[in-house]
Amino acid sequence: MTDTIAASRSLPGHGLALSKTRRLKERGIRGILFVCGLVSILTTAGIVIVLVWESIGFFRDVSPWEFLTGTKWTPLFKPQNFGVLPLVAGSLLVAIGASLIALPIGLASAIYLAEYAPRRTRKVLKPILEILAGIPTVVYGYFALTFITPLIRVVFPDTGIFNAASAAIVVGIMIVPMVASLSEDAIYAVPRQLREASYGLGATKYETVTRVVVPAALSGIVASFILAISRAIGETMAVTLAAGATPKLTLNPLESIQTMTAYIVQVSLGDTPFGTIEYKTIFAVGLLLFSITLAMNIFSRMILRRFREVYE
Amino acid sequence: MSNATSAMTALEFDLRPERRRLWGTIFLWVCFAATALAVVMLAVLLIDILRQGAARVSMDFLNSYPSRFPERAGIKSALFGTMWTVGFTGLISFPLGVGAAIYLEEYAPRNWLTRVIETNIANLAGVPSIVYGVLGLAVFVRAMGLGRSVLAGAATLALLVLPVVIISSQEAIRAVPPSIRQAGLGIGATQWQTLQHLVLPIAFPGILTGMILALSRAIGETAPLIMIGALTFIAFTPSSPMDEFTVLPIQIFNWAARPQAGFHEIAAAGIIVLLIALLTMNALAIVLRNRLQKDL
């Protein structure tokens with residue numbers, strides 16, 4: 001017994017230790033995989049560096065104060081004005097309108113799917129929501145332009161071809177699946193014992209759902225709301241097609257407006273020469289858009305972490 | 001004591017049970033109606049598009065280049081551009097995404113750097129697609145000098161779908177039972193040999209499913225490609241990754257943005273082609289997923 005072990009030890013390359021080439025290969029592979037992991041960091045770094053660098057060039061000519069508080073946005077024609085508020089207001093108008101539609105419908109769907117739907121209905125509904133979530137945004141834009149806008153104009157004949165309401169409705173439809181599926185996960189994660197305790201106290205199903213289950217899942221539901229609103233702010237093609245290209249400070253959803261995202265598209269579709277102040281506006285607006293959505297994403301995860309009810 | 005309890009009950013609940021049940025029924029129907037509304041929306045959208053575009057889908061439409069005249073215009077260059085772009089997006093994002101997922105699941109130590117990478121991936125998933133377009137424009141088109149090429153577009157889309165690829169590959173790798181790894185290491189295989197011969201083959205269908213879903217996201221992306229300058233009027237198909245190109249969603253956007261009804265019809269026809277491609281990819285992903293569930 002001891003002899004064989006001793007014999008195998010003396011044979012070159014048959015010891016318990018790895019051969020040198022094998023060890024190098026293992027280390028090399030680990031290194032390559034690590035670099036793949038770093039690509040995501042490089043992407044973020046790239047986004048921040050590009051946006052900040054080009055924005056610095058922009059803010060040499062336009063003061064940040066003027067940019068953030070100005071109420072006129074006309075960088076593409078004379079006299080030039082660089083007040084970004086109309087674009088921000090446009091994005092918010094669409095996002096708020098979309099939320100009014102998507103948050104209640106999404107939450108109610110989530111409650112139905114998680115608490116009421118029979119298993120077979122659920123099996124049909126989940127893929128349908130997945131399909132809705134997977135439809136390209138340009139398709140939603142087309143739908144807004146050719147279906148929703150004409151419908152709005154039947155009710156309000158004065159509405160323009162391009163209007164914020166149509167964009168808000170279609171973005172609302174677009175983010176329903178996101179609210180529904182994230183909120184459903186949160187509701188699903190509430191332990192059964194809580195429901196049973198509530199029934200045990202004599203509550204009906206409705207009372208259990210609205211006073212026990214939904215409050216217990218509230219952090220997840222709110223997080224899904226914030227993510228959906230952030231998605232609505234970042235939405236591009238549907239609002240470009242439906243909402244128009246008129247930067248305007250207005251609360252009237254039947255008017256044509258312009259969002260931050262639609263403005264960036266407008267500039268890159270035109271032939272604005274590279275390096276001009278007009279060209280640099282897309283980086284300044286892009287930086288603002290990136291900061292807003294990033295802040296909302298971080299906020300959403302903070303809520304999930306901070307306020308999650310932990311049950312064993 | 002019992003008085004206090006009944007007072008509280010009176011505050012919280014209506015004492016008539018039939019009233020309480022009625023509220024329950026109403027609530028159930030409201031929730032059901034909300035869900036049904038989502039389904040109705042999908043139906044209305046599909047019917048609206050079919051009604052406007054179905055008559056225009058034909059071999060001629062697939063085989064013609066764009067034109068000033070809607071009745072002669074087709075999507076040949078856009079269709080080929082989409083295939084080229086999505087193909088290269090897959091070639092770039094697959095090794096990077098799967099590599100990152102393997103590192104995070106199998107190698108990464110539990111330290112601050114790993115936490116930063118994971119938080120960062122979650123944050124990237126929430127970045128608006130147009131911001132990736134700004135990045136692609138500055139880095140791939142300008143700094144790296146790739147121009148408005150298929151490669152620049154594919155690289156931009158690859159970064160965009162990378163979080164999806166990484167997260168779904170991580171899930172697939174995590175689903176492989178630890179006993180498989182222990183068996184591999186137990187018979188003296190190195191960590192990479194265990195991964196290469198045991199773990200990855202089992203995780204592969206799951207990884208592939210995630211990859212297909214990621215590419216089905218890439219196929220519908222419009223904004224980032226508009227940013228990097230994918231043109232609308234292209235009357236040729238790409239023959240190398242350095243050629244200029246256009247893609248289906250951009251062609252659709254361009255037609256939809258015109259006021260004439262003729263262009264709206266071919267936009268709808270283009271959407272039908274795009275949706276068929278998307279549904280085929282999703283069906284493929286579902287088949288793969290079911291296969292995987294049967295095997296384990």
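**Conventions.** Residues are numbered from 1 along each chain as its sequence is written, and chains are lettered from A in the order in which they are written. Because the model is predicted, local features need pLDDT of at least 70 and side-chain atom pairs count only at pLDDT 80 or more, whereas totals for chains, interfaces and linings use all residues.

**View 1. Confidence in the two chains.** The predictor assigns each residue a confidence, pLDDT, from 0 to 100. Chain A has a mean pLDDT of 89, with 94% of its residues at 70 or more. Residues 1–11 of chain A stay under 50, and the model has two contacts for them beyond four places in sequence. Chain B also has a mean pLDDT of 89, and 94% of its residues reach 70 or more. Its residues 1–11 have a pLDDT below 50, with one contact beyond near neighbours in sequence. For the complex, the predictor gives an ipTM of 0.89 and a pTM of 0.90.

**View 2. The side of chain B that touches chain A.** Here 64 residues of chain B are in contact with 68 residues of chain A (contact: C-beta atoms, placed from the backbone, within 7 Å). Helix α2 (residues 17–53) of chain B supplies the largest share of this side, 19 residues; helices are DSSP runs of H or I with at least four residues, numbered from the N terminus. By residue type, this side of chain B divides into 45 nonpolar, 16 polar and three charged. In this count, Ala, Val, Leu, Ile, Met, Phe, Trp, Tyr, Cys and Pro are nonpolar, Asp, Glu, Lys and Arg are charged, and the others, Gly among them, are polar.

View 3. The 13 residues of α5(B), residues 112–124, should span 18 Å at 1.5 Å a residue, and the end C-alpha atoms are 18 Å apart, which agrees. The expected span is 1.5 Å times one less than the number of residues. Within α5(B), B:Ile117, B:Ile121 and B:Leu124 are buried. They cover an arc of only 70° around the axis, which puts them on the same side of α5(B); the arc is taken from the directions from the helix axis to the C-beta atoms. The face turned away from the buried side carries the exposed residues B:Trp112, B:Arg115 and B:Thr119. A residue is buried if 20 or more other C-beta atoms, placed from the backbone, lie within 10 Å of its own, exposed if 12 or fewer, and partly exposed in between. The cover over the buried residues includes α2 (20–61) of chain A together with α4 (76–107) and α7 (150–174) of chain B.

**View 4. The kink in helix α6 of chain A.** Helix α6(A), residues 137–155, has 19 residues and reaches 25 Å from its first C-alpha to its last, close to the 27 Å expected. A kink of about 40° is centred on A:Ala144; the bend is the angle between axes fitted to the seven residues ending there and the seven starting there. A:Thr149 lies in this helix and counts as buried, with 22 C-beta neighbours inside 10 Å. Among the residues that A:Thr149 touches are A:Ala144 and A:Ile161.

**View 5. The surroundings of B:Leu225.** B:Leu225 is placed in helix α10 (residues 223–227) of chain B. B:Leu225 is buried, with 30 other C-beta atoms within 10 Å. Not counting residues up to four places away in sequence, B:Leu225 touches B:Gly153, B:Ala230, B:Val247 and B:Ile250.

Definitions and conventions: Helix = DSSP H or I, 4+ residues; strand = E, 2+ residues; numbered from the N terminus.
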